[in-house]
Amino acid sequence: MKSLLRNQAVLLLAVAGLYMLASVLAGTFLNVYLWKNRQNFAMIGWFTVAQQVAVGLSFWVGGKWVKEHNKMNALRLGIAVSGFFYLLVLWLGGQAVHYIWPLGLILGLSIGFFWLAFNIVFFEITEAVNRDFFNGWMGLLGSFTGIVGPWVSGWLISLWPGERGYRVVFIISLCTYGISAVLSFLLQKRKSEGTYLWLEPWKELRRAGSPWRPAAAALLFQGLREGVFSFLIGLLVYIAAREESKLGQFALITSAVSLISYFAAGKWFKPKFRSAGMLAGGLLLLAVITPLLWKVSYGTLLIMGIGTSLCIPLYMLPMVSTSFDLMGLSAEAAGKRVELVVLRELSLMSGRLLGMFVFIAVLSVNDSPQVITLLMLLLGASPLGSWLVLRRLLRSGKYHPS
């Protein structure tokens, strides 16, 4: 049985790896593509807001489907809708900037359905003692796809200037999504069990003494940084360098560093180090932003990117593993794993939206490099908030394996 579960975990990692590769092939340059047609930070911000709203709704509404019906179909739908999104972008071309909200909602739905199903299946085929190990492998896959995808995309876009290069990249991404969908049919159908409890995420947060209270607060702090940094860094690199190939080079270098750091973390990072690791990671993630106070350039952004890639596992592995461990605390918690995954995502979404609203409000008034840097420092301090609210739970040892 353990061998079968291990094989399913490897296969799930392969499906996720192809999905992430397709996403970074086109997604790395998606915001640049929109920016080149309309240079407006608020537009990119609202596009991201639309995505996050759809992600949260798809997790909450899709939870019923995933718990009571075939969760593998939800995963495949996420892949299919991702392909449909890039078909729409190909069809709309430069006019895509006029359809920011519907496009953002479609992309968010695709992300939500895929990762909702993935997180549930991932929980079912891993255990607390090997979750950090598989999270490390997910980080490795993310880093590897981050090396290959953006570099290939940047090279192709530079090879065919104008919209032709982007079209080629989007088509390759579509094909990769197709391969991921085909491979997903090798995953075993997971047994459905129980009735979906629509209001369980809110009831869990209201329950006195629930460990999900600090966990949800920590996830909100994570989202504050994540929502803005997920698109702003790549956009700033392009604005500073004015070359897609430079953005591809940036992604290649930072992902290569991330590959090494996630490999090391997956090999040596243990649950007992989670609290200290989160604190160190939060401080370092803030420190690597400070070179931008001197100058926002390709060089200083690269220093920040390399520093972030080196220390992000210290912060992310405890964040991911702790929330999944909370789902396995008891048979009752495991039976509500879908609702708890929804709670996890809604907490992240709330933080991402809050960060995006701050970003849009501030940059609508002043979008100078100095203001952007100060905003990045403010949002970049949020991992310390995660550690602050989660530290007692991490140190207790009650909620994670020794």
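**Salt bridges and a helix pair**

In this predicted model, Glu-124 and Arg-337 form a salt bridge, with their closest N and O atoms 3.0 Å apart.

Q: What makes the Glu-124 and Arg-337 pair a tie between parts apart in sequence?
A: Glu-124 sits in helix α4 (residues 100-124) and Arg-337 in helix α14 (residues 337-365), so the pair ties together parts that are 213 residues apart in sequence. Lys-71 joins in too: Lys-71, Glu-124 and Arg-337 are linked in a network of salt bridges.

Q: Why is Glu-124 called buried?
A: Buried means under 20% relative accessible area, and Glu-124 has 17%, so Glu-124 counts as buried. Arg-337, at 11%, is buried as well.

Q: Why is Glu-226 called partly exposed?
A: The class lies between buried, under 20%, and exposed, over 50%. Glu-226 has 22% relative accessibility, so the label is partly exposed.

Q: Why are α8 and α16 called roughly antiparallel?
A: Helix α8 (residues 212-241) and helix α16 (residues 382-396) pack at about 165°. Angles over 145 degrees count as roughly antiparallel, so these two helices get that name. Among the residues making the contact are Phe-221 of α8 and Leu-390 of α16.

Definitions and conventions:
Residues are numbered from 1 along each chain as its sequence is written. This is a predicted model: local features need pLDDT of at least 70, side-chain atom pairs count only at pLDDT 80 or more; totals for chains, interfaces and linings use all residues. Side-chain values use heavy atoms; hydrogens and water are left out. Axes are lines fitted to C-alpha atoms, for helices over the stretch in contact, and angles run from 0 to 180 degrees between N-to-C directions. Helices (H or I, at least four residues) and strands (E, at least two) are DSSP runs, numbered from the N terminus. Angles under 35 degrees count as roughly parallel, over 145 as roughly antiparallel, 65 to 115 as roughly perpendicular and the rest as oblique. Contact means heavy atoms within 4.5 Å. A salt bridge is a side-chain nitrogen of Lys or Arg within 4 Å of a carboxyl oxygen of Asp or Glu. Buried means under 20% relative accessible area, exposed over 50%, partly exposed in between (1.4 Å probe, protein chains only).
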